Amino acid sequence: MPVSNVSSLLSDQKVSHHKKRCFKPERLTAPRDFSIPSFVANIIEDRSKEHNQGNEQADTESVRPLIVEIGAGKGMHACLYAKKNPDHDLIAIERTQNKFTAFSSLVKSVNEEVVSLDNLLAVHADAIPYCVHALPAQSVDVFYLLYPNPEPKNPNQQWLNMPFFEFLLSRLKPNGKVVLASNIEEYVDNAYNQAINTWCLSTERSEVPIESKRTHFEIKYLARGETCWELQMVKPEGYCTRFDNWNSSALEGKANDREQD
């Protein structure tokens, strides 16, 4: 849907949650040196083929699961996940320069010494504009938010408190998941309540096993005896957001190019 039509769309659509404030994706510019990830281009191509074949049911076996990690840090979880799941495509986003430098070094060493991680894309960008411009609606199987900044001085910046979370849900496929982990009990309590009462998601809360070693933070917290919690939030079938028919101009252009090929 063209950006110019977003405002009228958002004002009329009935949604499946109770968040009143609305995110405005059309106001965000693409990150510097932005390009559509090859993983996403493959999804667009599959959808174009389905459309050109008269909207017949897609061959789901040809579509690889797309996983997105936001705040990938130094890349431990991303590299472990990509190695363990070679049939999944993973986009791992990290904003800070020092952590992304360490992430890039880890990917290089794994590629050279262990296995080629051709299913992992490490992205140095702010996750919000990147997700807006790079991810089509209903394309992502799982979002990982592992040990995000708890934002104690500005709780409005916690992920489930932000209007952007609605946009994130619009990028999920039906029955897709958001996985959040934290060692801050108050943060998890708030996220759990928001997931159920505001976002109306099926949500399970559990303790992270003491032997878990997904991230450097997780290893450190568990080693010093802290409890870590995980939330798994599932987007139900039929869930509606105000962005289900909205894609960035870059994605729309890519889709149009595919249809003309």
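Helices (H or I, at least four residues) and strands (E, at least two) are DSSP runs, numbered from the N terminus. Axes are lines fitted to C-alpha atoms, for helices over the stretch in contact, and angles run from 0 to 180 degrees between N-to-C directions.

Good morning. The structure before you is a predicted model, in which local features need pLDDT of at least 70 and side-chain atom pairs count only at pLDDT 80 or more, while totals for chains, interfaces and linings use all residues. Residues are numbered from 1 along each chain as its sequence is written, and side-chain values use heavy atoms, with hydrogens and water left out.

I begin with the sheet. Seven strands make up an open sheet with mixed pairing, in the order β3-β2-β1-β4-β5-β7-β6. Two strands pair if DSSP finds at least two bridges between them. At the edges stand β3 (120-124) and β6 (202-207), each of which pairs on one side only. From one strand to the next, the twist averages 15°.

Strand β2, residues 89-94, runs parallel to β3, and five bridges join the two. Within this pairing, isoleucine 91 stands opposite leucine 121 of β3.

Which helices lie across these strands? Helix α3, residues 76-84, lies across β1 (66-70), β2, β3 and β4 (140-146), and runs at about 175° to β2. Helix α4, residues 97-113, lies across β2 and β3, at about 155° to β3.

Asparagine 119 is in the loop between α4 and β3. Is asparagine 119 buried or exposed? I call a residue buried under 20% relative accessible area, exposed over 50%, and partly exposed in between, using a 1.4 Å probe and protein chains only. Asparagine 119 has 2% relative accessibility and therefore counts as buried. Its side chain reaches the backbone oxygen of histidine 88 at 3.0 Å. Leaving aside residues up to four places away in sequence, asparagine 119 touches several residues, among them Phe39, Arg64, Ala82 and Asp89.

That brings us to aspartate 89, which lies in strand β2. Aspartate 89 is buried, because its relative accessible area is 7%. A polar contact is a pair of N or O atoms within 3.5 Å; within protein, one must be able to donate a hydrogen and the other to accept it, and residues adjacent in sequence count only if both atoms are side-chain atoms. Such a contact, of 3.0 Å, joins the side chains of aspartate 89 and arginine 64. The residues that aspartate 89 touches, again not counting those up to four places away in sequence, include Phe39, Pro65 and Asn119.

I turn to the aromatic rings. Rings of Phe, Tyr and Trp (its six-membered ring) pair if their centres lie within 6.5 Å; planes under 30 degrees apart count as stacked, over 60 as edge-to-face and the rest as tilted. How many aromatic pairs does the structure hold? There are 13. In one of them, phenylalanine 23 and phenylalanine 164 have ring centres 5.2 Å apart and planes at 70°, so the pair is edge-to-face. This pair links distant parts of the chain, 141 residues apart: phenylalanine 23 is in the loop between α1 (6-12) and α2 (38-52), and phenylalanine 164 is in helix α6, residues 164-171. Both are buried, phenylalanine 23 at 12% relative accessibility and phenylalanine 164 at 2%.

A second pair comprises phenylalanine 34 and tyrosine 130, whose centres are 5.8 Å apart with planes at 75°, so this pair is edge-to-face. Phenylalanine 34 lies in the loop between α1 and α2, and tyrosine 130 lies in helix α5 (residues 127-134), 96 residues apart. Phenylalanine 34 is partly exposed at 22% relative accessibility, whereas tyrosine 130 is buried at 5%.

Ring pairs also join Phe23, Trp159, Phe164, Phe167, Phe243 and Trp246 into a cluster. Over the ring of phenylalanine 167 sits the charged end of arginine 171, 4.2 Å from the ring centre; a charge counts as sitting over a ring if NZ of Lys or CZ of Arg is within 6 Å of the ring centre and within 35 degrees of the ring normal.

Finally, helix α6. Eight of its eight residues are buried, so α6 is largely enclosed by the rest of the structure. These buried residues pack against β1, α5, β4, β5 (172-182) and β7 (229-234). Thank you for your attention.

Definitions and conventions
Contact = heavy atoms within 4.5 Å.
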